[in-house]
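Colleague: Can you walk me through the pockets in this one? Keep it short, please.

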Amino acid sequence: MSRPSSFSLRGRRAIVAIKDERDATIVRRQFERLGVDSIAWEPTEAIDFAPDLALIDDEFLPLTQPARRAFLGRCPVIALLGTETPSRLKLVFELDPASFLVKPLRSAGIYAALVMAIERSERTSELKQQVLKLEQRLRSRRVVLAAVLQVMHSHALAEPAAFALIRKAAMEQRKTIEELSAEITAKGMLPRATG
């Protein structure tokens, strides 16, 4: 299933925490033009829905409640920067923002910040899934190695031949090498030495 385009913002919901009324008005107007539902939010309030993104004014930082920080970690965050001091930037980094805007806000740049935040968040999510798969494959390599050693000893084969035997048996049984290796090590079932 293809994911929705990051360039299409219509129908997305955003929570907005901005202290300055002028900046908040600019964001509301621009969101309305883009079709984004804007929900004003005070960082002390509980949220009972999953927003598509969040705009957080750096004047609300640090977020003292871990639950709020964890909640924001589930959607792309755009930080609104008022100052560029190292201490303020450290607080912003705690949010792990996907994009940022500099105050005072202008309508120009808001669309780009939204698109970049959504795209970056989706790419980061894809990379995390790839890392999880690679970690799982790395863990399964131990099982494959144990199965290869078992086949080497039981069939008096060299390592390449033992691995080839497992691979061939896995293909014949329509299983992955990792699945068959787990069966070999757990049950002691060895593939037949054919061909």
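Colleague: Which residues line the second largest pocket?
Modeller: Val16, Ala17, Ile18, Ala24, Arg28, Val36, Ser38, Ile39, Ala40, Trp41, Glu42 and Phe60. A pocket here is an open set of points on a 1 Å grid over the protein atoms alone, where a 1.4 Å probe fits, with protein on both sides within 12 Å along at least five of seven lines. Lining residues have an atom within 4 Å of a point.

Colleague: What is the model, and how is it numbered?
Modeller: It is a predicted model: local features need pLDDT of at least 70, side-chain atom pairs count only at pLDDT 80 or more, and totals for chains, interfaces and linings use all residues. Residues are numbered from 1 along each chain as its sequence is written, and side-chain values use heavy atoms, with hydrogens and water left out.

Colleague: What volume does the second largest pocket have?
Modeller: About 180 Å³. That is the space filled by probe spheres set on the points, with grid points joined across faces, edges and corners.

Colleague: Which elements supply at least two residues each to that lining?
Modeller: Strand S1 (13–17), helix H1 (21–34) and strand S2 (37–40). S2 has the largest share, three residues. Helices (H or I, at least four residues) and strands (E, at least two) are DSSP runs, numbered from the N terminus.

Colleague: How does that lining divide by residue type?
Modeller: Nine nonpolar, one polar and two charged. Nonpolar covers Ala, Val, Leu, Ile, Met, Phe, Trp, Tyr, Cys and Pro; charged covers Asp, Glu, Lys and Arg; the others, Gly among them, are polar.

Colleague: And the largest pocket, what volume?
Modeller: About 310 Å³. Of its 17 lining residues, Gly73, Cys75, Asp96, Ser121 and Lys128 are the closest to the centre. Helix H2 (66–72) and helix H4 (110–155) are the elements that give two or more residues. H4 has the largest share, five. The lining has seven nonpolar, four polar and six charged residues.

Colleague: New topic. Which residue does UniProt list as 4-aspartylphosphate?
Modeller: Asp57, in an unreviewed entry. Such annotations may be inferred rather than shown by experiment; positions are in the numbering used here, and feature names are shortened. Asp57 is in strand S3 (residues 53–57).

Colleague: Is Asp57 buried or exposed?
Modeller: Buried, at 0% relative accessible area. Buried means under 20%, exposed over 50%, partly exposed in between (1.4 Å probe, protein chains only).

Colleague: What does Asp57 touch?
Modeller: Ala17, Ile18, Lys19, Asp20, Leu80 and Lys103, not counting residues up to four places away in sequence. Contact means heavy atoms within 4.5 Å.
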